[in-house]
Amino acid sequence: MGTNNMLFAVILLPFAGFLFNLLAGSFVGKKLVSLVGCGVVIISFILSAQIFMSSFLQGASTAVQSNSIRWIDVLDFNVDITLYVDHLTIVMMLVVTGVGSLIHIYSVGYMHDDKRFNRYFSYINLFTSFMLLLIMGKSLLLMFVGWEGVGLCSYLLIGFWFDDKEKGISNSLAGMKAFIVNRVGDLSFTIGLMILFTYLGEKFNVWTLDILKIKDVVATNETALNIPLLTAVCILLFGGACGKSAQIPLYVWLPDAMAGPTPVSALIHAATMVTAGVYMVARFNFIFALCPTALAVVALVGATTALFAATIGMTQFDIKKVLAYSTVSQLGYMFLACGVGAFIAAIFHLVTHAFFKACLFLGSGSVIHGTGGEQDIRHMGGLRKKMPITFITFAIATIAIAGIPPLAGFFSKDEILWKAFSSNLAVGKLVWIIGLITAFITAFYMFRLLFLTFFGDYRGHHHVHESPFTMVFALIVLATLSVIGGWVGIPDALGEKVIHTQTNKFEHFLDKSIPHEAKSGPLHKENSHEHHSSAEFILMGVSILVALSGIFLAYYLYMKKKEIPAKIASSFPELYNTIYNKYFVDEAYSSAIVQPLIASSVQTCRFDNTAVDGSVNTIAYSTGNSSKYVGVFDNNAVDAAVNGVANEVYSTGGQLRLLQSGNIKMYLSIAVVSSILIMAVLWSILEWKQVKDFLVSLGLL
Amino acid sequence: MSLNEILLNIIFYALALTGLFSSFMVATSTNMVRTAFSLLGVLFSFAGLYGLLRADFLFAAQILVYVGGILVLIIFAIMLTHKIANVNLSNESTSSSTVIAVVCILFAVLVFIALTLPEYIKINQRNKPLTEMIGNNLLSDSLLPFEILSVLLLACLIGAVYLARKEVKE
Amino acid sequence: MKEFIEHLYNELEFLEGLPFIIPFIIGSFILAFIIINFIAVFAGVCTYIERKVAARIQARVGPYMVGPHGILQWLADALKLLFKEDTVPEKADKLLFKLAPFIVFAGSFACWVALPLAPAFSPARLNIGILYIIAFGSSVILGILMAGWASSSKWALFGAMRSAAQIVSYEVPTGLTILAMLLITGTLDMHNTIAQINLDGTISGGQSQGLPFPLNYFSTNADNFSAGMFSWYIFRYPPFTFIAFIIIYICALAETNRVPFDIPEAESELVSGYHTEYSGMRFSFFFLSEYANMFVFSAIITTLFLGGWLPPFNITGSLLAPACGIILYMLVKGKTTDPANRFIAFCTGAGIGIFLGVLSGDKNYWFADYLGIQSLRFIEGLFWFFTKSFGLVILMMWLRWTIPRYRVDQLMELCWKKLTPLAFINLFCIGILEWLYK
Amino acid sequence: MLWFTKYPVENLLILSSAVFCFGIYTIVTRKNAVSILMGVELVLNSVNLNFITFSQFVDNAGISGNMVAIFVIVLAAAEASVALAIILGIYQNFGRVDVDKLTSLRN
């Protein structure tokens, strides 16, 4: 394992940018702020790319780690600040810094007129720094610091426009909601960590939070492990992931988080932070792979979330809300993949999703910017001609997310579906069907969004214009990535048929940190690609067909027969309203959790005021009364004794005071004389014989 | 006894006599400024002794801190606390035979202790340069005192600035 | 020095049987004698050059009468000083008054002991070299204070106090900058500081193992690469090492009481500062000490930043640099009459030559190696060391006639509010870089 | 005891005791506060010489004596700065720094 202290620089640079922009940003002008804000992330990206090329790309594919700095040192429990980069991490680093720097550049244009420009850049730099800490920390504690740090930045950025005249309150409430909902997940995550820590410590005497060491322990003691306990740990950890990655039941914060600036939605709530949960589950693959039950839970939750959010996405009219539900749905997809043991496929989908979803969000930001803040797609339409570049990039990303080959989304989605289908888990086929349905719905609502926004006639009133270069630049790069990003993971079956090589480079690359056993451990034992390549082709065909039919349905409903959607809505009013109002989940939470909580708090407060305070007050009153009687005794008996002693001391001191003349020399003379005496006495006691000999030798004795 | 050692001894005695004479001047000189410059002689001769004892870092530190820092401070203090129209600033002392007697007794006791050094003290002079060891020690074993000292120095700096500044009249 | 005498002792047969200590002592005395005389001559020549530089800048001729172009003027001045009456003010403290010039001179003279003058030769190879020089450099203050006090004159006293305050203050940024450079060199030994620089730009003994900008990427011949002047410490972490260089140069000006920081001897206010009352031989000691100090500071800067005795180019570079310079000079000569432009053209040409020399990757570094006489390295090293240091001294003289004097408050403000924080930031940055590139 | 010796331990100790006594004498007899400070410096120096002597001759493996001496030097610097600041303060308030005459804590 190589060491490289440049890893610290990767994290510290954005942090330095944060400090600079926060402390000096308001003095130095927007140009320098944007230069520093973008520059540090771009340099981080270059450093990451350099690490990638030097340590991973060329032959010697080894993990890299930095020097250790001792952080906590208590008996056997040591936590080091060590940064660790393996194949999984470097992929995440490249995504975070790469997409991150594009979004930073985009923000320069998007946030240009904002009065808290420097604050925005400092937060977003801080976010990058914490996200890198999350993925690079070798210790779980370090990872947790990053985990909480990105939560903090998310909170700060969702409520970034807290002083907005109309929506200020709701913006800050959205930030609080995100923070509180995440706390629920974090609680679960923390409990899971503690159980894991204590279990490993007590059973194997390894008190550690170091991921590699945990992995070692689990690997060496595979047979001795307590699987039910680990299942509980996994589910608890997954609870944390649910919070961060917006899965049922904790997904409610993500749609509200769209209150933040659009680049933030793109970076934090689509491309990077929300994928932290997926990353975490993939990082713990070695534990999850041992617990089929936990995997089933993950798969089912993921699949349910995917379908559930997709259906909501069909009925929304806010352009960012649609994308938000789409994000939830795609995150569900990733967990679905994790649940069937296809961790690499999940990471692959994470990467491609980062490209096209960031592109979609930035495109929607461009649309919002161009139409002067309009977010309702009912008031858009016909933007194709007015914002050509935005339209083209948005369309590419939409096709990518719908899963049409050869764009990025197809390969990752197909990989997940194939892994789900070929899994021999009980839930495999079930989640495959759900995934297929979701794919259909995804294609439908994404094209609905595309058609409503960019086709037809313009239904708004604002003067529409194309966005500035800094914004368009990021769009173009991301759209290009959405096209070609999937080509690193073309399924082997396809590659072997067409060009006779292994084309799934992504999987082979990540094999090193997510080893084969964990990837398919108890799940894919008898599966191998040779037997199923024909099945794989059929499945590919099916998924393309499903996506195409979704697109066609959208085309039919929103381009050909525009009156049908309204008819459907009016003919099934209950169903439509339920979905339109997001299944009333927020309301359900409110009445089931929030309201009872408030009511019980009121009751508790009342109890506190009357019963607890009352008893305390009673005791105080009675103490006060009884003290009066004690006081008499105190004044007459105790004080007299004390005063007597004091008088005695005072008179003695008055006599001793004469010694303290304030004459330094006097003091020093006394000190010297007494030290001579002490030395003489000590020496004569300790070494009397020697003294005697000496005096004899001088002829004095 | 080799020529080398004789040379070292001559240097030692030269330094020791300078030190003794200068400290005698510090104790008895009637001129304030001369007292201060006699202290310079003591500090230099002690620095020389440190060099002779191969405590190289201490040699440099003694000159750097004492001569370049403390003594300059002392001379500044002398100049700032007297009306310096006269070159021959008197430096009064209140000597008495009692004091001299006590100090002589003290000296006798100390010499006695020095001459009756226990036998087990192994006499073997170090030859290696110490600077590197001192540097390593400062950042490992003595790290705590080192840090405390740095805090103390900071406190002294602030305290001295606070004490010495002119009171702002309201 | 010790190695040098040991070498001679082993070579010369007639010394056999003599204890080593005797030639050692004699050799030390000879060296001390040479250095004292060198300082005297150096100071004299410096006065001549300074007057000539001043004259040049003020469009005059300068000393012209004694010798050709007045080249022996300094000798005449020295003789005049020697024969002048040695006056002592009546109210002065006679002993201290007489002692002060010697203390000042001894302080600056003692610093010469640790200077690495040439490869494998410095008067004493102290393992605390740089610390030793700083320590003795700071003891000059006491002599100055002594002189100022003992003169029993207001001018002298104020000059001395200003000087002491100034030197003590400027020692802070100097120390911080030297500390920053010590992080890179990893040694206090002045000799080792230079000796550990490898020709390809790495440092063998110190902390830093490689340049942050690997020059040998550009070279056609990476195995035999020699980085030339780019192996010096000033090019190690640009721009921080540049900033450090500028800070320490400003501090050197202030610590030697040179313009624009010469307020201790500001003629218009204080007559002549702390040596107002001195004349004759005693005055000349102050004078020698001032020039010796200038040289010592230049030598420290040369060692810590400019590669000490190392030649600035490899052989190809040193041949190409003047050649290219002359070619460009000839090309421009017909087109312009302004000597400044011609000079710039020459420098540009020399720069191109140096760059080409670096690209050539010639491993022959020393001219002595090229000639095949290893022992010539000593002379060549001496030449480069003194050329670099002397260049810095001349720069100080140049500045004297260019920049007006600072006020006391401006001087202190520059030190405490600008240079010290800058030096701290610099120290921090160099530390971080050192940590990252370790 | 040899006058010329290879290991001048005793000689150094006697020198340091002499300087120590001179320091004590200075502190006890001087009236001027700055002079008393000089006496303190003498005492500290003599103690330092003892530490270094023992460190170099006796404690051959460790360097604790040197470390203590370094700390003493640093402390002496701190002490001198604070003491001189106090003396300056006294001078500003009373107009003299004669320790025998200073009997009140405030003017």
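How much space lies in the second largest cavity? I put this question to a predicted model, and I found about 130 Å³ of space there.

**Entry 1: the second largest cavity.** I looked up its lining and found 15 residues. Closest to the centre of this cavity are Ile134(C), Thr174(C), Glu255(C), Phe297(C) and Ile300(C). I then noted which elements give two or more residues to the lining: α5, α6 (154-185), α8 (240-255) and α10, which belong to chain C. I sorted the lining residues of the second largest cavity by class and recorded eight nonpolar, five polar and two charged.

**Entry 2: the count of cavities.** I next asked how many cavities of 30 Å³ or more the structure holds. The count is five.

**Entry 3: the largest cavity.** I recorded a volume of about 150 Å³ for the largest cavity. Its lining is made of 15 residues, and those closest to the centre are Val140(C), Ile144(C), Glu255(C), Thr256(C) and Asn293(C). Two or more lining residues come from each of α5 (129-150) and α10 (280-304) of chain C. Which element gives the largest share of this lining? I found that α10(C) does, with five residues. By class, I noted seven nonpolar, five polar and three charged residues in the lining of the largest cavity.

How values were computed: Residues numbered from 1 in each chain as written. Chains lettered and ligands numbered in written order. Predicted model: local features only at pLDDT ≥ 70, side-chain atom pairs only at ≥ 80, totals over all residues. Heavy atoms only, no water. 1 Å grid on protein atoms, 1.4 Å probe; cavity = no way out; pocket = protein on both sides within 12 Å on 5 of 7 lines; lining within 4 Å. Points joined across faces, edges and corners; volume = space filled by probe spheres on them. Helix = DSSP H or I, 4+ residues; strand = E, 2+ residues; numbered from the N terminus. Nonpolar A, V, L, I, M, F, W, Y, C, P; charged D, E, K, R; others polar.
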